[in-house]
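I opened this notebook to record what I looked up in the structure. The entries follow in the order in which I made them.

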Amino acid sequence: MAPQGSPAPLEFGGPLGAAALMLLLPATMFHLLLAARSGPARLLGLPAPPPAPGALWSPAAPLLWLSWLGLQAAFYLLPARKVAEGQELKDKSRLRYPINGFQALVLTALLVGLGVCAGLPLGMLTDMLLPLAAVATLAAFLFSLLLYLKALLAPASALAPGGNSGNPIYDFFLGRELNPRLGSLDCKYFCELRPGLIGWVLINLALLVQEAELRGSPSLAMWLVNGFQLLYVGDALWHEEAILTTMDITHDGFGFMLAFGDLAWVPFTYSLQAQFLLYHPQPLELPVASVICLINAVGYYIFRGANSQKNTFRKNPSDPRVAGLETISTATGRQLLVSGWWGMVRHPNYLGDLIMALAWSLPCGVSHLLPYFYLLYFTALLVHREARDEQQCLRKYGLAWREYCRRVPYRIVPYVY
Ligand SMILES: NC(=O)C1=CN([C@@H]2O[C@H](COP(=O)(O)OP(=O)(O)OC[C@H]3O[C@@H](n4cnc5c(N)ncnc54)[C@H](OP(=O)(O)O)[C@@H]3O)[C@@H](O)[C@H]2O)C=CC1
Ligand SMILES: CC(C)CCC[C@@H](C)[C@H]1CC=C2C3=C(CC[C@@]21C)[C@@]1(C)CC[C@H](O)C[C@@H]1CC3
């Protein structure tokens with residue numbers, strides 16, 4: 001069943017773009033994983049061969065990966081400190097979501113800590129990265145297929161505005177159903193924050209442990225990368241409720257793009273800097289490390305300040321922390337901030353995020369481009385995401401959005417873009 005109303009414009013280059021991305025994204029991920037452990041560690045160049053025949057597969061990998069998914073699902077189903085309501089849906093109902101992501105992170109840390117004390121060889125996880133990435137990719141394809149089939153039975157009101165063009169390749173990529181659920185487990189919300197994000201910091205930790213085993217102690221660069229990225233993941237889980245208003249939850253269906261992004265891309269490519277450091281140790285002096293910490297702190301300050309200001313304002317515009325800010329009224333009854341962080345550029349949170357991305361790569365030195373892949377990819381992702389968000393805001397707020405763009409002319413970087 002297709003949703004009513006005019007069809008949404010095709011994004012990501014339509015069916016051809018979607019097909020190309022479904023091949024390119026996994027290929028890029030394996031290229032990065034192989035390049036990180038190869039001697040020359042080239043970002044651009046022919047893919048490095050696997051370190052040993054059969055290195056891409058291990059019979060233990062599916063078992064390990066499914067156990068991880070099961071563990072995170074079990075943590076998701078535990079009683080939560082709060083249950084939040086999502087945005088209003090087409091049928092006027094609101095879904096309920098457990099706010100216990102940070103609790104899942106703490107429980108995982110406790111379990112891993114106990115495991116390590118009992119002799120669990122955490123560092124050996126680094127030898128399993130290639131087979132685990134293969135399993136995660138396969139699982140993302142199978143899962144997306146199941147989601148596509150499930151959507152055939154869903155009512156029109158449950159479908160996403162985007163992924164229902166009628167072209168199976170495009171719809172498989174973008175996702176047809178907005179909020180597919182298995183019982184009380186919301187598949188998209190669960191995948192976006194739990195197995196991938198927590199998996200990312202676990203992989204980072206395993207790389208740190210492995211480095212300590214190889215070289216006697218973890219390097220300063222490895223500590224920085226682990227610390228910065230743990231802060232980022234901890235922050236996302238602490239502010240879990242904010243995810244409920246992102247376009248991923250309110251607009252995009254759950255298909256291959258997000259399933260692969262959440263389950264494979266995030267844990268295996270976002271941990272690239274730590275992977276690079278294990279195989280290519282980099283000296284880092286304390287003064288340089290202090291400057292990098294300062295850059296990360298500035299990025300985090302902007303990122304958190306901007307996100308919190310908007311979230312506080314959306315929850316309660318009369319909150320004393322935001323009540324003094326200048327606003328534009330829109331025909332929907334909602335207002336847009338035109339001073340504070342949101343008066344500086346139209347996406348100050350992206351600016352902070354990009355500054356942090358730079359700080360995550362700098363500990364890896366400047367001899368290789370590979371550890372800067374995240375910064376390059378993330379710039380492209382945010383520029384594209386910003387354009388998608390602008391289109392949605394223009395549709396939602398019309399003239400008021402145009403007025404906002406006139407008053408705040410720069411999108412992400414003041415006086416540059
Ligand atoms: N590490 C990663 O891979 C990724 C990280 N992120 C990060 O996640 C966070 C969330 O990003 P994202 O979901 O893209 O979008 P935003 O948090 O930037 O939200 C955009 C929405 O904010 C509202 N808004 C825009 N301008 C204003 C204004 N002036 N005043 C009030 N409300 C406004 C609009 O929604 P409405 O009016 O309906 O409230 C708009 O649709 C960001 O910090 C981003 O950097 C995002 C993607 C990937
Ligand atoms: C594989 C493709 C190139 C695209 C995949 C995109 C996904 C990896 C991202 C889409 C939106 C995301 C968000 C986050 C992680 C990455 C994905 C899933 C956060 C959870 C990261 C932490 C922030 O605090 C909030 C982000 C929300 C959006």
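I counted a residue as near a molecule if its C-beta atom, placed from the backbone, lies within 6 Å of it. The model is predicted, and local features need pLDDT of at least 70, side-chain atom pairs count only at pLDDT 80 or more, and totals for chains, interfaces and linings use all residues. Residues are numbered from 1 along each chain as its sequence is written, while chains are lettered from A and ligands numbered from 1 in the order in which they are written.

**Ligand 2.** I found 13 residues around ligand 2, and A236, D248, G261, W265 and V266 are the closest. I noted that α6 (187-193) and α10 (256-269) each give at least two residues to this shell; helices (H or I, at least four residues) and strands (E, at least two) are DSSP runs, numbered from the N terminus. The largest share, six residues, belongs to α10.

**Ligand 1.** I looked up the 20 residues around ligand 1, of which T246, L337, W342, N349 and D353 come nearest. At least two residues of the shell come from each of α12 (286-315), β6 (335-337), α13 (348-361) and α14 (373-397). Domain 1 (15-38 + 62-86 + 94-281) and domain 2 (288-417) each provide at least three residues of this shell; the domain bounds come from an automatic or database domain assignment.

Which residues make the contact of α2 and α7? I recorded W68, L69 and Q72 of α2 and P195, I198 and G199 of α7, where two residues are in contact if their C-beta atoms, placed from the backbone, lie within 7 Å.
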